Amino acid sequence: MPKIYIIDVTNRDGVQTPRICLAKLQKTMINMFLNEMGIYQSELGFPFTNHEVNYINANLELAEMGALQPIVLSGWCRAVISDIEKSITLTRIKHLSLSISVSDIMIKGKFEGRKNRQDILHMAAESLDYARDHGLTKLGMNAEDASRADINYLIEFAGVAKEHGAERLRYCDTLGYDDPFTIYERIKKVAQAVKIDIETHCHNDLGMAVACSVGGALGAVDAGVNAYINTCVNGVGERAGNADLVSTILAVRKASGLDHRNLLDERVDLSKAWQIGKYAAYAFDLPISINQVAIGDNAFTHESGIHADGVLKDAHNYELYDFRELGRGNPEIVETGRKITTGEYSGIRGFRNVYNKLEVEFKDEQEATEILELVRYANIHTQKALTDSELRFIAQYPAIARKILTVSPPSDSK
Ligand SMILES: [Zn+2]
């Protein structure tokens, strides 16, 4: 029975977006939270980019240690051999998504006449062969601008991808052009013709990213293959954003045509929704809008007479799902009196006070001093007050934290 899985791309599409930045420690925390949430895969970054190298290798080490398991960690690069070569030289990445444009408008516009449809097929085949020959697995072939591509050519492209070892085809609605019905039909056609698992990658330019993701995934499932939906935490991503992680999960689990079909990967744990949404908002420096699906302030707030009366009689009158399912409902303690924090200029006493409150103990003075030094650097690195989860992470994985915090330009301009 085909299923729907989630591949979160916050740490790739999310952070390549203007005005959205995550420090490497924050990207790591997002991976940790996604893993706790039971998300199938995190596209964690660009392994051919020098400043990502320590972060990516450190996260792969966390995976090897079992601290970042079972989530699949994959990188993104162009379907060109030089990108793949650099990725596997610089990092220990084992899974990649390879991207190339497939619409005539992009083939013409981006390559300015130097490439035609056949050349694109050749590049896809060649890059997949190279990646497989170098031991990479779980390869995804990304069809950029698939929604504007000729459907017969897209089927041909998917066939080549499958033949050369791609596990999945990523159908990119790069411009947010599809609607839920067109994407359903197009993906179903490709999946029926080629029998390859399909990823949806939908943008929100028409406000339909989640709807299109669900529509596209159903097209794949109805054709008998697995679907993988690309999401971003809080719906960030290029321009109007990508499909929001929590909304997508809710849509697949709760929508009227889907709530009885049990299509979503059972490991997905919605009770982490509140935690990851809040953390990302803090890390991005972007407040959650009051009407954000599931985690906005108004998502479970009622005032008008009929609504308040109805929900007080029975919550099901005006709420589609329970706030407790999302990990909401626990009071948050905000210190309104004296508070000691720890950061870039802290000393050992204040640092110890903070960690005592987190109930984290150190075996001796030397360990405490080492963690303090890392905390100072972490604060310089994120440029904002460290969260409890970040402080705990640094104390638990100091060697990994040290690597993640080491972001230094290469000594020459190579
Ligand atoms: Zn995108």
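## Two helices side by side

Let's start with a pair of helices: α8 (residues 180-194) and α9 (residues 209-222) pack with their axes 7 Å apart, at an angle of about 30°. The helices here (H or I, at least four residues) and the strands (E, at least two) are DSSP runs, numbered from the N terminus. Axes are lines fitted to C-alpha atoms, for helices over the stretch in contact, and angles run from 0 to 180 degrees between N-to-C directions. That angle is why α8 and α9 count as roughly parallel to each other; the label covers angles under 35 degrees, with over 145 being roughly antiparallel, 65 to 115 roughly perpendicular and the rest oblique.

Which residues do the meeting? On the α8 side they are P180, I183, Y184, I187, K188 and A191, and on the α9 side A211, C212, G215, G216, L218, G219, A220 and D222. Contact here means heavy atoms within 4.5 Å.

## What kind of model this is

This is a predicted model, where local features need pLDDT of at least 70 and side-chain atom pairs count only at pLDDT 80 or more, while totals for chains, interfaces and linings use all residues. Residues are numbered from 1 along each chain as its sequence is written, and side-chain values use heavy atoms, with hydrogens and water left out.

## The zinc site

Now for the metal. The zinc ion has D13 (OD), H201 (NE2) and H203 (NE2) as its protein donors, lying 1.9 to 2.2 Å from it. Donors are N, O and S atoms within 2.8 Å of the metal (3.2 Å for Na, K and Ca), and sites may look incomplete, since water is not among the atoms.

Along the chain, the spacing of the zinc donor residues reads D-x187-H-x1-H. D13 sits in helix α1 (residues 10-14) and H201 in strand β7 (residues 197-202), so this pair ties together parts that are 188 residues apart in sequence. D13 and H201 are both buried. Buried means under 20% relative accessible area, exposed means over 50%, and partly exposed is in between (1.4 Å probe, protein chains only).

How many disulfides does the structure hold? There are 0, a disulfide being a pair of cysteine sulfur atoms within 2.5 Å. C21 is in no disulfide, and its nearest cysteine sulfur, in C232, is 14 Å away. C21 is exposed, at a relative accessible area of 57%.

C202 is buried, with a relative accessible area of 0%. Its sulfur lies 5.3 Å from the closest cysteine sulfur, that of C212, which is too far for a bond.

D244 is in the loop between β8 (227-231) and α10 (245-254). At 9% relative accessibility, D244 counts as buried. Leaving aside neighbours within four places in sequence, D244 is in contact with V210, T231, C232, V233, N234, G235 and Q292. D244 and D8 are 236 residues apart in sequence, yet their C-alpha atoms are 9.4 Å apart in space.

Y153 belongs to helix α7 (residues 151-163). Is Y153 buried or exposed? Y153 is buried, with a relative accessible area of 2%. Not counting residues up to four places away in sequence, Y153 touches V102, I107, R117, I120 and L121. One of these, R117, is 36 residues from Y153 along the chain, and the two C-alpha atoms are separated by 8.1 Å.

Where is the cis peptide bond? It runs from Q69 to P70, with omega near 5°. P70 is in the loop between α3 (53-65) and β3 (72-78).

R19 is not a glycine, but has a positive phi of about 70°. R19 is found in the loop between α1 and α2 (24-36), and at 79% relative accessibility R19 counts as exposed. K195, also a residue other than glycine, has a positive phi near 55°. K195 lies in the loop between α8 and β7 and is partly exposed, with a relative accessible area of 46%.
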